[in-house]
Amino acid sequence: QVQLVESGGGLVQAGGSLRLSCAASGSIVESNAMGWYRQAPGKQRDLVAAITRIGNTNYADSMKGRFTISRDNAKNTVYLQMNSLIPEDTAVYYCGAGRFLTARPAYWGQGTQVTVSS
């Protein structure tokens with residue numbers, strides 16, 4: 001079992017930055033891969049970026065260059081640095097965890113709202 005607690009969402013103007021954090025507790029094996037997904041109203045939940053304990057990453061193509069995922073294994077915490085935000089980035093951002101980098105997470109956080117105003 002893995003428990004995930006997210007923080008860092010909020011309201012930001014277009015062009016601004018936010019950093020999301022997700023702290024995991026529980027199984028180290030089950031949280032080998034941790035990542036961020038986002039879901040806008042009426043849309044499916046899509047990958048933003050994910051990272052493993054050894055630093056392998058997987059980004060959605062549209063996120064490369066503006067978003068950076070990182071991880072502190074000592075704290076079992078993953079971060080998402082989001083720069084040059086645009087209104088289309090507005091969504092609920094969910095932290096996910098699982099064993100494998102490219103698999104759908106088995107565990108989810110409660111989600112944090114990110115709103116980018118124009």
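Mentor: Let's start with a term: a residue lines a pocket when it has an atom within 4 Å of a pocket point, and a pocket itself is an open set of grid points with protein on both sides. Keep in mind that this is a predicted model.

Trainee: Okay, which residues line the largest pocket?

Mentor: Arg-38, Gln-39, Ala-40, Lys-43, Gln-44, Asp-46, Leu-47, Met-63, Glu-88, Thr-90 and Ala-91. Strands β4 and β5 each put at least two residues into that lining, and the space in the pocket comes to about 160 Å³.

Trainee: What makes up the lining of the largest pocket by class?

Mentor: Four residues are nonpolar, four are charged and three are polar.

Trainee: Now the rings. How many aromatic pairs does a search of the whole structure find?

Mentor: Two.

Trainee: Why is the pair of Tyr-37 and Trp-108 called edge-to-face?

Mentor: Check the centres and then the planes. The ring centres are 5.1 Å apart, and the limit for a pair is 6.5 Å. The planes meet at 75°, and over 60 degrees counts as edge-to-face. Both conditions hold, so edge-to-face it is. Tyr-37 sits in strand β4 and Trp-108 in strand β10, so the pair ties together parts that are 71 residues apart in sequence.

Trainee: How do you know whether Tyr-37 is buried or exposed?

Mentor: Tyr-37 has a relative accessible area of 5%, and buried means under 20%, so Tyr-37 is buried.

Trainee: And why does Trp-108 count as partly exposed?

Mentor: Trp-108 is at 30% relative accessibility.

Trainee: What makes Tyr-94 and Trp-108 an edge-to-face pair?

Mentor: Their ring centres lie 6.5 Å apart and their planes stand at 85°. A pair needs centres within 6.5 Å and edge-to-face needs over 60 degrees, so this pair is edge-to-face. Tyr-94 is in strand β9 and Trp-108 in strand β10, 14 residues apart, and the pair links distant parts of the chain. Tyr-94 has a relative accessible area of 15%, which means that Tyr-94 is buried. Through the ring pairs, Tyr-37, Tyr-94 and Trp-108 form a cluster.

Trainee: Which residues lie closest to the centre of the largest cavity?

Mentor: The largest cavity holds about 60 Å³ of space. Of its 14 lining residues, Ala-33, Tyr-37, Phe-100, Ala-103 and Pro-105 are the closest to the centre. The largest share of the lining, four residues, comes from β4. By class, nine of the lining residues are nonpolar, three polar and two charged.

Trainee: Last one: in the largest nonpolar core, which residues touch the most other members?

Mentor: Leu-4, Trp-36, Leu-80, Met-82 and Tyr-93, out of 27 residues. Strands that each supply at least two residues of this core include β1, β3, β4 and β8. Leaving out residues up to four places away in sequence, Met-82 touches Leu-18, Leu-20, Phe-67, Tyr-93 and Val-114, among others. In soluble globular proteins, nonpolar side chains tend to be buried together.

Note on methods
Residues numbered from 1 in each chain as written. Predicted model: local features only at pLDDT ≥ 70, side-chain atom pairs only at ≥ 80, totals over all residues. Heavy atoms only, no water. Core = buried A, V, L, I, M, F, W, Y, C linked by side-chain atoms within 4.5 Å. Buried < 20%, exposed > 50% of the residue type's maximum accessible area, 1.4 Å probe, protein only. Contact = heavy atoms within 4.5 Å. 1 Å grid on protein atoms, 1.4 Å probe; cavity = no way out; pocket = protein on both sides within 12 Å on 5 of 7 lines; lining within 4 Å. Points joined across faces, edges and corners; volume = space filled by probe spheres on them. Nonpolar A, V, L, I, M, F, W, Y, C, P; charged D, E, K, R; others polar. Phe/Tyr/Trp six-rings, centres within 6.5 Å; stacked < 30°, edge-to-face > 60°.
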